[in-house]
Amino acid sequence: MTGMEATELMSHQSFSIKKMYHRMRGEFPKVPWKRLTCNNYAVPRWSFIINLAIQGKLHTKDKVAGWGKAIDQKCKLCNEENETIPHLFFECGMSKEILGRLLKWQGFQRSVLKWDEEIEWTVQEINGKKVIAEVYKMTLAGYVYYIWLERNTTLFQDKKKTVDGIFRVIVQDVFYRGNKKSKVANKLKELDSYPQAVKVEDR
Ligand SMILES: [Zn+2]
């Protein structure tokens, strides 16, 4: 093989790998999702889980069934729809209620969107460079982490928390974590640390 051919092959290969990577990443081709997980004020394990979720690598039931395992594919949080990443985090009734409360708590007047739209919206907000967007980015990572945790404890230990319980844990942890970071700590002072009045019905 000549040097030229080898270079061509290499560049072709790297191109293919890149293309394949984009195809594998699949669900979010247009969104610079790394902005959601890099330089995040979130707890590292929150960033880790949201990263897996965004890349479609969390082992939700649809993935496990796709490997040929015969399993009950119902989402354990609602027992209504099949469990997929978009369903679990942005379509499931329980999760939507929690995220709706978090949005309202931080002053965002909108309802919960679909998975890719949520990610895109958050990236756009961050691009606006507002501190509240950094707080929200951190909160979204915490939210994804705690929904995944709830899914696992419900599935494997048959223990269930309430919507209120999960919402409060996320709020507490966002405060605990955020107060250690001066940039977001000031913004957090404007938010209610014990938001009793946040109810999704009021939106
Ligand atoms: Zn569900």
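Which residues in H6 meet Thr 139, Tyr 143 and Ile 147 in H8? The legends below take up this contact and several other views of a predicted model. Local features are described where pLDDT is at least 70, side-chain atom pairs count only at pLDDT 80 or more, and totals for chains, interfaces and linings use all residues. Residues are numbered from 1 along each chain as its sequence is written.

**Figure 1. The contact of helix H6 with helix H8.** Ser 95, Ile 98, Leu 99 and Leu 102 are the residues of H6 that meet H8; two residues are in contact if their C-beta atoms, placed from the backbone, lie within 7 Å. By class, this contact has five nonpolar, two polar and no charged residues. Ala, Val, Leu, Ile, Met, Phe, Trp, Tyr, Cys and Pro count as nonpolar, Asp, Glu, Lys and Arg as charged, and the others, Gly among them, as polar. The axes of H6 and H8 come within 11 Å and cross at roughly 155°. Axes are lines fitted to C-alpha atoms, for helices over the stretch in contact, and angles run from 0 to 180 degrees between N-to-C directions. The two helices are therefore roughly antiparallel; angles under 35 degrees count as roughly parallel, over 145 as roughly antiparallel, 65 to 115 as roughly perpendicular and the rest as oblique. The crossing of H6 past H8 is right-handed, a term used if the near helix is turned clockwise from the far one by less than a right angle, with anticlockwise giving left-handed.

**Figure 2. The contact of helix H6 with helix H9.** The axes of H6 (residues 93-105) and H9 (residues 163-178) come within 10 Å and cross at roughly 40°. H6 is therefore oblique to H9. H6 passes H9 in a right-handed crossing. From H6, the contact takes in Met 94, Glu 97, Ile 98, Arg 101, Leu 102 and Trp 105, while H9 supplies Val 163, Ile 166, Phe 167, Ile 170 and Val 171. Nine of these residues are nonpolar, none is polar and two are charged.

**Figure 3. Pro 86 in helix H5.** Pro 86 counts as partly exposed because it has 17 C-beta neighbours inside 10 Å. A residue is buried if 20 or more other C-beta atoms lie within 10 Å of its own, exposed if 12 or fewer, and partly exposed in between. Leaving aside neighbours within four places in sequence, Pro 86 is in contact with Glu 91, Lys 114 and Trp 115. Lys 114 is 28 residues from Pro 86 along the chain, yet their C-alpha atoms are separated by 7.3 Å.

Figure 4. Most residues other than glycine have a negative phi. Asn 79 is exposed, having 9 other C-beta atoms within 10 Å. With 8 other C-beta atoms within 10 Å, Asp 158 is exposed.

**Figure 5. The chain and its confidence.** The secondary structure comes to 10 helices and zero strands; helices (H or I, at least four residues) and strands (E, at least two) are DSSP runs, numbered from the N terminus. Of the 203 residues, 31% count as buried. The average pLDDT, the predictor's confidence in each residue from 0 to 100, is 82, and 79% of the residues score at least 70. Over residues 1-30 the pLDDT is below 50.
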